[in-house]
Amino acid sequence: MKRNELLLVAVLAAVVIGATAVLPPGVGAQSERGIPVEYTATADDLDSVTGNGWEEVQSVTVPLSSAGADVPSADDVTIEQMRAQAVRTDSRLYLRISWADPTRDTSEASVREFADGAAVQLPTDGDQQPPIAMGSRESPVNVWYWSGSGETEELFAGGPGTTTQFQQTTVATEHTYADGRWQVLFTRQLAPDEPNRTTVPSAADEETSVAFAVWNGSNMEVAGQKSASQWHRVAIGPAPPAYERVLWAVAGVAIVITTLVTIQGIRHTGGDGS
Amino acid sequence: MSTSDGGETIDIADDVDHQVAMVMDLNKCIGCQTCTIACKTNWTDGGGREYMYWNNVETKPGAGYPRDWEELGGGWDEEGDERTPGDLPAQEDYGAPWDFNHEQIMYEGSDEPLRPMDNAADWSPNWDEDEGAGEYPNSYYFYLPRICNHCTHPSCVEACPRSALYKREEDGIVLVDQDRCRGYRYCVEGCPYKKVYYNAMKKTSEKCIFCYPRIEGEGPDGEVRAPACAEDCPPQLRLVGYLDDEEGPIHKLVNEYEVAVRLHPEYRTEPNVYYIPPFAPPQHAADGETTDEDRIPREYLEELFGPAVNDALETIEREREKVNRGEDSEVMEMLTTTDTSDQYRLEVFDEA
Amino acid sequence: MARTIVDEGRYDEAHLKEQTDMPLLVREDTGKFLRASEVPGVNVNADRPDHVFVMADADGGLRAAPGSLGARDGQHDETASIELDFDPQLAVDRTVSTTDGSVAVRSVWNRLREELATYTPEFVNEETGVGRETHQEIAREFAEADRGKIIHGKGVNDWYHNDLGNRAIQLLVTLTGHIGRQGTGLDHYVGQEKIWTYEGWSSLNAPVPSRSVPTTLWTYYHCDVLDNADAETTRRVREAIDEDWMPVYPAEREDGSRPDPRIMFIWRGNYFNQAKGNVAVEEQLWPKLDLVVDVNFRMDSSALYADIVLPSASHYEKHDLSMTDMHSYVHPFTPAVEPLGESKTDWQIFRELAAKIQELARERDDVEPVQDREFDREIDLESIHEDFVRDWESGEEGRLADDREACEYILEHSAETNPPESDEQITFEDTVEQPQRMRAVGDHWTSDLEEGEPYTPWKRYVQEKNPWPTFTGRQQYYVDHDWFLELGEELPTHKEPPTLQDKAEYPLNYNTPHGRWSIHSTWRDSEKMLRLQRGEPVVHLNPDDMEERGIEDGDTVRIYNDLGSVEVQAKRYPSGEPGTARMYFAWERFQFPDRGNFNSLVPLYMKPTQLVQYPEDTGEHLYFRPNYWGPTGVNSDVRVEVERVGGEGE
């Protein structure tokens with residue numbers, strides 16, 4: 001077995017252990033300005049922006065308005081609301097947002113072209129609620145920034161104008177545009193083991209906040225000229241009981257075996273030249 | 001900050017030790033674009049900068065580069081406190097850096113004429129070259145070389161919500177910190193001279209850096225050299241140095257004799273590039289006689305350089321007459337020197 | 001302006017008397033100068049009194065003009081002087097007893113005054129558009145200035161009557177005495193091809209006098225223009241060739257035939273693009289050539305139409321010397337980078353060609369040395385490379401193998417850089433250190449070099465009173481060559497341009513000035529520069545002419561006349577004189593649809609007066625020498641019409 005195949009098995013095995021916390025779709029509570037984060041043992045049908053599972057996930061409408069930043073035309077924004085859905089596994093957060101924008105702006109190839117964009121802002125320290133405009137020095141924020149040009153950045157900021165990009169992005173995004181509507185899926189580990197990165201709580205009794213912003217590129221919205229939300233409480237859904245974990249562990253082992261068999265099959269047909 | 005000596009005050013920005021400055025004598029510019037090419041070859045030949053001309057030379061009157069930049073706003077209000085909003089130029093107003101079908105003609109046997117490919121040639125940075133205004137035989141035009149003015153009160157710096165643009169402490173050169181810049185382009189619209197450019201490949205804004213590696217001694221042969229646009233100029237129309245170098249010609253021409261004036265002072269960014277305004281032969285009457293009428297209307301020069309242009313022109317006129325009478329003129333001496341140690345004074349503040 | 005200066009007495013009388021032909025007497029019957037040999041009693045101490053000229057002194061006595069060619073030893077004779085020991089009269093109108101009897105004579109001055117009288121302020125205004133007062137005011141200012149200088153470019157040379165134009169302009173500095181001192185003179189900036197180190201260069205170039213030809217005449221001849229030119233022009237051109245006033249190669253054979261050229265090497269030029277009348281070049285000359293080799297650092301139009309292109313190193317890839325008439329220094333070229341790709345320096349290209357010929361000749365072993373048809377030498381192909389690299393002077397074998405050594409050779413063998421009886425030699429290394437001012441002047445200079453002063457010509461004549469290198473030994477405005485007399489051009493005069501195209505059919509003047517950012521065609525297709533223009537050839541038109549023709553800025557227009565038609569973009573140019581279509585020259589053929597170019601509208605024409613030798617028999621005054629005397633290619637007398645392409649009805 002080659003090295004990368006061994007690696008694959010190891011990863012799968014790790015998933016099996018981790019996935020002993022799986023559940024059927026649960027219904028999280030929602031309070032005012034709260035974004036429910038439902039728990040799921042496996043995100044198979046949620047790890048794509050168009051995954052079927054999202055149909056089952058509660059959607060929250062988030063009102064947006066000008067962020068009122070100190071930049072020219074700050075009030076000239078066009079998007080007034082968006083929707084948000086969130087799910088977590090034991091290790092990852094899945095956050096899908098969507099909003100209506102009749103113009104699909106993906107290019108920044110010339111001086112007057114601005115791409116559509118979206119951002120998710122989280123307090124760096126989960127229990128704080130920093131100033132909404134990019135936090136402050138004492139109370140910084142993490143920002144996950146997605147651009148219609150296809151780029152994703154993970155940013156750190158301690159106040160307006162201080163945004164700094166983390167060297168490596170741990171956030172993955174996927175997007176789709178259909179019927180005049182963007183849908184963007186952000187996923188990330190709940191708890192990256194790195195300084196200054198927000199740890200998303202995994203216990204129902206832990207609280208944190210989230211805020212959103214979107215930009216309409218064809219209205220030349222950029223930087224502080226954006227439609228932004230207020231802070232919203234993140235409502236973490238509870239994890240399932242222990243017996244379910246055992247069942248999922250068994251299923252997981254089966255998956256590993258199946259995978260190994262498949263790998264061997266591919267090797268025999270010589271389908272892999274690597 | 002200002003320094004004073006014998007009652008004279010030299011205004012430079014707070015928090016800078018010295019301020020680089022340039023004086024360009026428009027009477028010497030022949031529109032050859034050597035400066036443009038020197039700059040392009042050094043700094044903007046690739047990497048998303050192809051369309052940029054940190055140094056350009058435009059025909060005035062004319063639309064300039066980018067097209068109609070003077071109509072796009074930016075700069076400061078009358079009190080100089082509030083920025084006035086500016087617009088981003090349209091990309092096509094910069095003109096496209098055309099590619100040509102040389103390859104096809106030279107090596108593939110094409111019978112087509114050499115042309116910009118993709119057939120998009122309807123504007124370029126110098127499209128209206130030599131057009132000017134007026135009617136034969138009293139038409140007029142002159143060339144205006146432009147770089148970043150490295151202003152004392154730069155609206156591009158103020159425009160950036162991220163403080164990515166800054167004036168260098170040691171010499172007042174305005175730079176874009178490429179690590180801070182996120183390509184918002186507030187500086188592009190905020191500069192009334194439209195001398196900050198958006199690099200779509202890097203998604204950051206970029207601009208003239210006053211060839212700072214050269215003035216820091218990292219140019220060819222490890223010598224301190226003036227910016228390439230100045231040194232490569234065939235008629236040597238530029239003086240380069242520090243505004244606060246009181247022994248230098250720039251201070252004298254700008255502050256003492258007041259013959260070097262700012263372009264569009266009403267933008268209130270306080271440029272540190274100064275111009276010796278252009279003279280032209282007087283108009284001809286219908287019968288071919290020379291008249292006393294200015295060829296370049298004075299109102300037009302005022303529009304470009306503000307009311308200070310009047311005194312500047314009159315002073316130069318007086319100084320020229322002095323030379324014609326065989327008298328000495330420090331002004332004309334400074335404007336006609338061929339001594340490069342007078343033209344380029346960049347080491348005056350170096351520690352001994 | 002000359003009329004104003006003369007009429008108002010603002011001329012420098014002493015200068016005219018001593019330095020010019022103005023006091024010389026001219027026979028009214030023949031128009032020829034009165035010669036000392038024709039006037040019994042004129043005291044002349046000369047070998048050739050028929051080449052000595054005559055002036056009248058203050059008392060009316062006839063005197064031999066000092067410095068006349070007949071009293072000198074050749075064109076340059078420093079032992080002779082034009083200094084006067086009498087006061088000649090400028091204005092003379094009288095009779096003289098000659099060997100032909102009594103003959104009416106007038107001084108050149110009187111003839112000039114008669115000529116100038118034509119140019120009344122009204123006439124000048126009518127012809128030039130310059131105001132009646134304005135041109136006189138300029139004349140007065142120029143005459144009264146302590147030092148006056150005229151600087152002009154190549155524009156005048158583009159016209160058929162360029163010799164008349166230049167003589168007229170030069171007349172102004174002569175009349176006012178603004179000549180031969182610092183800050184004076186006529187600076188005519190056309191190219192910078194001044195080889196100060198002429199001796200070393202010619203010695204390196206050829207062990208025998210070289211076969212230079214005037215390119216204009218050569219092209220004219222081999223494009224068979226003589227078959228179509230007017231009878232008088234044809235007669236004069238043939239006479240100039242037959243009289244050997246101007247060389248044409250291949251040389252005439254013993255049977256009177258002259259072969260067509262067969263092989264052409266194009267080196268340091270873009271001949272196929274730049275030759276005037278390039279329709280004829282393509283249609284008449286090119287078919288005669290079996291082989292065209294282009295040695296070039298650009299893929300230009302000539303390279304595209306050559307059989308073989310030998311890529312050469314550019315200025316910054318080789319060793320070479322640079323000199324110009326703009327100053328008196330020698331600059332080096334040194335390689336900043338190695339030659340790109342397979343390119344080689346010019347010296348190396350020619351040397352390696354010689355080496356290959358030698359190799360092949362030796363392999364064959366039956367190649368007899370060729371006797372030079374014209375000069376006393378043999379060309380031995382079996383040693384041609386060894387001959388190429390041999391130092392002709394010292395006999396050192398293999399010395400000139402590389403370019404730098406060739407430069408060194410030039411410096412070594414020129415008086416300017418290695419003055420005889422002096423150790424002041426300039427080496428190539430010295431020029432690399434910094435540009436070096438010439439150490440001394442050679443025979444072909446007209447002033448000495450003075451420390452701290454720019455070089456200013458003509459001092460030897462004006463200040464040291466050496467005879468000028470003309471027939472009369474003076475600044476000579478009257479040329480009594482038969483052709484000049486026949487054409488009424490013995491004095492500078494105003495003539496209308498020749499009619500090349502019908503004015504009604506082709507109402508616009510067509511001119512092709514020098515581009516600002518190209519060196520002729522070099523860099524004309526530079527993408528960097530084209531991006532700063534319109535990317536394609538343009539014609540500058542006055543807005544009135546555009547409006548009349550329904551043309552707008554940016555339109556594609558056709559410029560045409562009876563010779564050809566080219567498509568270019570129209571550019572609005574309010575500073576252009578109405579009635580003028582101006583196309584800055586040197587666009588490459590491949591920049592035009594159908595591969596015409598700016599020269600497609602220009603016929604191959606040439607002024608016969610520039611083919612003469614003078615004096616007719618011995619030619620000391622005017623004789624062919626590249627860049628000094630010969631016919632110029634002209635192009636500004638052309639007329640065209642312009643129309644919009646794709647307009648109504650198309």
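Predicted model: local features only at pLDDT ≥ 70, side-chain atom pairs only at ≥ 80, totals over all residues.
Residues are numbered from 1 along each chain as its sequence is written, chains are lettered from A in the order in which they are written, and side-chain values use heavy atoms, without hydrogens and water. Local features need pLDDT of at least 70, side-chain atom pairs count only at pLDDT 80 or more, and totals for chains, interfaces and linings use all residues.

Chains A and C do not touch, and 18 Å separates their nearest C-alpha atoms.

On chain A, a negative surface patch brings together A:Asp44, A:Asp45, A:Asp47, A:Glu55, A:Glu56 and A:Glu174 (residues with over 30% relative accessible area and no salt bridge, like charges being joined within 9 Å and nonpolar side chains within 5 Å; a salt bridge is a side-chain nitrogen of Lys or Arg within 4 Å of a carboxyl oxygen of Asp or Glu). A:Glu174 counts as partly exposed because its relative accessibility is 32% (buried is under 20%, exposed over 50%, partly exposed in between, with a 1.4 Å probe and protein chains only).

Turning to the backbone, most peptide bonds are trans, and most residues other than glycine have a negative phi. The bond from B:Tyr65 to B:Pro66 is cis, with omega near -10°. Another cis bond joins C:Tyr249 and C:Pro250, with omega about 0°. Positive phi values occur at B:Lys203, near 60°, and at B:Cys211, near 45°. B:Lys203 counts as buried because its relative accessibility is 19%, and B:Cys211 is likewise buried, at 8%.

Technical notes:
Areas by Shrake-Rupley, 256 points an atom, 1.4 Å probe, with all protein chains shown as cover. Lys, Arg positive; Asp, Glu negative; His and termini not counted. Charge placed at Lys NZ, Arg CZ, Asp CG, Glu CD. Contact = heavy atoms within 4.5 Å.
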